[in-house]
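Visitor: I would like to learn how to read the features of a model. Please take me through one, step by step.

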Amino acid sequence: MTSASEPSGPSGSAPVLIVGGSLVGLSTAVFLARHGIRCTLVERHPGTSVHPRAVGYYPRTGELLRQAGVEDAAVREASGFATHRTRAGVTSLAGEVLFSKEELEGDDGLGDLTPSRLLLLPQDRLEPLLRDRAVELGADLRFGTELVSFAEDPEGVTTVLDDGTGGTRSFRSSYLVACDGPRSTVREALKVPRQGRGVLSRHVSIAFGADLRPVLGDRRYSVVHVKNPQVTGILVHDDTLTGGTLIVGYRPEDGESLEDFTDDRCAELVGAAVGAPGVEVTIRSRFPWDMAEQVAESFVHGRVLLAGDAAHVVPPTGGYGANTGIADAHNLAWKLALVAAGVAGPGLVETYDAERRPVAVYTAEQGSLQLALRSGTATPEQQAAVADAVTVTSGQAYRSTAVVGEPDGADLPVASDPRELRGAPGTRAPYVELLRGGETVSTLDLFGRDFVLLTGEHGREWISAAVSASAGLGLKITARRVVPGTDAGAGTLADPDGDWSERYGGLRPEGAVLVRPDGVVAWRSPGADPGGEETAVLAAVLRSVLARESRTGAR
């Protein structure tokens, strides 16, 4: 694939070409377009997913959707799933209940950590929301268009595209982001190896229609584990109670194949899982997939970048795969945007691998640990190594040149309990509610587009430094003082509960913290600079984060 075919039509161009229009590709388009970067997405299928696939999105993903202007629409679309809180084991929906566990009760005790909540929403209903938002922001989405080949050079990537109308077209971009799934043709063409335990089992997801209302009654399940002589699998029903998805395994080593899953066979399996004679079953779609633990050995290959399942395949126990892919897109978008704008050096994009690949390895391992735990095969050591979902998804710590560590700061593990983190560089900036002009504002709503510098009450020197650095580097920086109490003047934030300093590591009134556009702390100073060189210090920090001293000669 890396040797491009001869195109037969006129070419197009954009700073970024995204290959793959599923959840991660669409998220990449939304995040890039929100930063004002022209991007083109190509997807070989004619539209968004027709299969439910991923279902759950953790609060950190909700925060990212919030930044993109999608969370409110997603919450409305997910409202019908609000009461789907029971995980159960059954012989069938109409049969014996083997176990039942209530999950996702109330606000999960996360009110002090985040304003977002876990969302239950099938992927086929989230993708259209992302598609519409991407178009609204100006992204160029081309469904029914397939990547034929691509070729890299030091300045960018030339691709050949087939839009299904006959002939091919060439396309030129500075970067190509491969979001083309676990069997990524881009990754395979690059011959990027993968590490991990490999394929653990093979499965088919069967989307079906059936009137489940008489069977379910007033019960609402998040996940149902079904086991009887006819079928063993996992069933998830939708909020209309007129359909769902049944996931079953098959074993090629025993002579089983995908061809065995005819409509009649699938209907039999669903009927056995429902367990109520007379319920008519209609098969809507089938989606084969492998349960695997695989992570690419590099997410960055020159001008080609891997994201989502193209970069990592996570066992679905825990539901981390889609969340990790969306986080990839969010981490990458602001970096591509600043490089495309000429504000940052290309080395900033290279930090994508340093930051996201360790997270992917950790998350894939956590998925496998969850699999062992839920199957009852986990050793005591494995049980002790299992982290809770909030830690896995919100407690990540990055180490790269896009983070300036503290001289005496100890390296954090890849993930820690975010309820215990206090704004260390490389971690998610903590959530605190402040007042702006008498209105409540979340610190999380301050982040997402530009760099943000927050200082204590007496941090005016850091504010001046931000103004100078912004002008000198051509970079927009939002700088605000945070003052105690409820009364704050223009350009100042008030801290009515006195939480801000403690949440950000005990900053003194002269201290400051710099937060990246992705809401991750880039650097902090507990107080004023001892030498009174705040302007020089902050400029040096930003040059380092932005790779402005790179070997390519970026400013």
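This is a predicted model: local features need pLDDT of at least 70, side-chain atom pairs count only at pLDDT 80 or more; totals for chains, interfaces and linings use all residues.

Visitor: What is the mean pLDDT of the chain?

Guide: pLDDT is the predictor's confidence in each residue, from 0 to 100. Here the chain mean is 92, and 96% of residues reach 70 or more. Look out for residues 550–555, where pLDDT stays under 50. The model has eleven contacts for that stretch beyond four places in sequence.

Visitor: How do I read strand pairing? Which way do S4 and S5 run?

Guide: Strands of a sheet pair through backbone hydrogen bonds, either parallel or antiparallel. The criterion is that DSSP finds at least two bridges between two strands. S4 (residues 86–90) and S5 (residues 97–102) run antiparallel, joined by five bridges. Arg-87 has Lys-101 in S5 as its bridge partner.

Visitor: In what order do the strands of the open sheet come?

Guide: The order is S5-S4-S12-S13-S14-S11-S15-S18, eight strands with mixed pairing. S5 and S18 are the edge strands, each pairing on one side only. Helix H7 (residues 263–274) packs on this sheet. H7 touches S11, S12, S13, S14 and S15, and its direction makes about 85° with that of S15. Contact means heavy atoms within 4.5 Å. Axes are lines fitted to C-alpha atoms, for helices over the stretch in contact, and angles run from 0 to 180 degrees between N-to-C directions.

Visitor: How many bridges join S11 to S15?

Guide: There are 13, and S11 and S15 run antiparallel. Arg-194 sits opposite Ala-296 in S15. S15 (residues 282–296) also pairs with S18, again in the antiparallel sense, over two bridges. Gln-294 has Val-313 in S18 as its bridge partner. Val-295 stands opposite His-312 in S18.

Visitor: Where is Pro-315? Is Pro-315 buried or exposed?

Guide: Pro-315 is in the loop between S18 (312–313) and helix H8 (321–340). Buried means under 20% relative accessible area, exposed over 50%, partly exposed in between (1.4 Å probe, protein chains only). At a relative accessible area of 0%, Pro-315 is buried. Beyond four places in sequence, Pro-315 touches residues including Leu-200, Met-291 and Ala-364.

Visitor: How do I read a core? Which residues touch the most other members of the largest nonpolar core?

Guide: In soluble globular proteins, nonpolar side chains tend to be buried together. A nonpolar core is a set of buried Ala, Val, Leu, Ile, Met, Phe, Trp, Tyr and Cys residues joined through side-chain atoms within 4.5 Å. The largest has 104 residues, and Phe-451, Leu-453 and Leu-538 touch the most other members. H8 gives the most to this core, with eleven residues. Contacts of Leu-538 beyond four places in sequence include Leu-453, Trp-462 and Trp-523. A second, separate core has 29 residues, among them Val-226 and Ala-272.

Visitor: How many aromatic pairs are there?

Guide: Rings of Phe, Tyr and Trp (its six-membered ring) pair if their centres lie within 6.5 Å; planes under 30 degrees apart count as stacked, over 60 as edge-to-face and the rest as tilted. By this rule there are six pairs. Tyr-250 and Phe-261 have ring centres 5.9 Å apart and planes at 65°, so the pair is edge-to-face. Tyr-250 is in S14, and Phe-261 is in the loop between S14 and H7. Tyr-250 is buried at 11% relative accessible area, and Phe-261 is buried at 9%.

Visitor: Why is the pair of Trp-462 and Trp-523 edge-to-face?

Guide: Their planes are at 70°, with ring centres 5.2 Å apart, so the pair counts as edge-to-face. Trp-462 lies in helix H12 (residues 460–473) and Trp-523 in strand S25 (residues 521–525), so the pair ties together parts 61 residues apart in sequence. Trp-462 is buried at 1% relative accessibility. Trp-523 is buried at 7%.

Technical notes. Residues are numbered from 1 along each chain as its sequence is written. Side-chain values use heavy atoms; hydrogens and water are left out. Helices (H or I, at least four residues) and strands (E, at least two) are DSSP runs, numbered from the N terminus.
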